[in-house]
Amino acid sequence: MEVVIVDGPDEAGILVGGAVAALVDATPTAVLGLATGSSPVVVYRDLARRHVAGDLSLARVQAFLLDEYVGLPPDHPQSYRSFIARELEARVDLADAAVQAPDIQSDDLVAACAAYEREIAAAGGVDLQLLGIGTDGHIGFNEPGSSLASRTRIKTLTDQTRRDNARFFASLDEVPRHVVTQGVGTILEARHLVLLAFGAAKAAAVAAAVEGPVTAMVPGSALQLHPHATVVVDEPAAAGLHLAGYYRETWAHKPSWQGL
Ligand code: F6R
């Protein structure tokens with residue numbers, strides 16, 4: 001696992017946006033895994049800047065959402081499908097039809113989850129998966145206790161996650177209890193995982209995921225099992241990392257040809 005400690009979210013956006021741009025440059029038909037929430041927004045802004053500058057086209061890219069709330073209409077402003085349409089599709093040349101999400105309107109959610117897994121496989125798998133991390137250590141919406149082998153399925157949000165996400169809704173009561181999320185096992189099949197975390201509220205979860213034991217109680221710790229995982233954090237989110245000095249030293253002396 002590579003840990004990069006940056007000065008702030010904007011620097012992270014440029015760094016990770018650069019990795020996405022390099023991937024798409026090499027493979028214009030790349031498959032991206034998209035996270036929502038506040039952490040990846042700086043990456044989407046950076047991709048938009050590159051697109052406006054004429055340096056990036058996502059016209060041939062396919063994308064898969066990491067998760068989606070159950071119970072919100074698709075056009076609800078806080079549905080993750082709406083979020084991606086607003087934060088990314090509206091700013092770049094990524095076609096709406098190229099972005100897939102779990103079909104949470106289906107009458108048969110179990111079948112819809114299985115179909116989503118098949119769609120990801122049919123696309124050849126995800127090349128680069130963007131991730132955030134919850135204050136309780138979740139990735140996607142795999143809450144503590146999620147099997148490290150789990151696949152796309154319905155999950156119940158913890159109270160902590162619902163409270164954290166209440167800032168996006170008019171009240172706590174409006175935050176859905178259920179979600180469909182790619183499983184930890186699904187996420188681990190992406191070829192490159194890039195997790196972003198900013199702010200002191202994430203410090204404990206980042207430390208547990210990066211330096212703690214691999215455990216279903218901290219789903220983010222599954223990144224330790226992945227051969228190509230990159231964790232990009234700002235100083236407050238890095239505050240609990242024992243090896244922070246080593247990560248800084250490694251990054252400062254990284255051969256320039258290596259990339260992320
Ligand atoms: C979102 C997702 C979640 C968030 C996490 C952090 O698609 O899967 O795991 O990444 O809850 O959210 P923010 O970035 O809003 O702090």
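Because the model is predicted, local features are reported at pLDDT of at least 70 and side-chain atom pairs at pLDDT 80 or more, while totals for chains, interfaces and linings use all residues. Residues are numbered from 1 along each chain as its sequence is written, and side-chain values rest on heavy atoms, with hydrogens and water left out.

The protein chain contains 8 helices and 10 strands, where helices (H or I, at least four residues) and strands (E, at least two) are DSSP runs numbered from the N terminus. Its radius of gyration, taken over C-alpha atoms, is 17 Å, close to the 18 Å that the globule rule (2.2 Å times the number of residues to the power 0.38) gives for 260 residues, so the chain is as compact as a globular protein of that length. Along the principal axes, the C-alpha atoms fill a box of roughly 55 × 40 × 35 Å. Of the 260 residues, 55% count as buried, a term that means under 20% relative accessible area, with exposed meaning over 50% and partly exposed lying in between (1.4 Å probe, protein chains only). Among contacts (heavy atoms within 4.5 Å) with a separation of 6 or more, 79% join residues 24 or more positions apart.

Val 6, in strand 1 (residues 2-6), counts as buried at 1% relative accessibility; leaving aside neighbours within four places in sequence, its contacts include Leu 15, Val 232 and Val 233. Ala 63 belongs to strand 3 (residues 62-65) and is likewise buried, with a relative accessible area of 1%. With the neighbours of Ala 63 within four places in sequence left aside, its contacts include Leu 32, Leu 34 and Leu 94.

Thr 135, by comparison, sits in the loop between strand 6 (128-131) and strand 7 (153-156) and is partly exposed, with a relative accessible area of 23%. Its side chain forms a polar contact of 2.7 Å with the side chain of Gln 160 and another of 2.5 Å with that of Asp 164; a polar contact is a pair of N or O atoms within 3.5 Å, and within protein one must be able to donate a hydrogen and the other to accept it, while residues adjacent in sequence count only if both atoms are side-chain atoms.

The ligand is surrounded by 15 residues (each with a heavy atom within 4 Å of it), the closest being Ser 39, Asp 67, His 138, Gly 140 and Lys 202. A polar side-chain atom of Thr 36 lies 2.8 Å from a ligand oxygen atom, and a polar backbone atom of Gly 140 lies 2.6 Å from an oxygen atom of the ligand. The protein covers 95% of the 410 Å² of accessible area that the ligand has on its own, as computed by the Shrake-Rupley method with a 1.4 Å probe.
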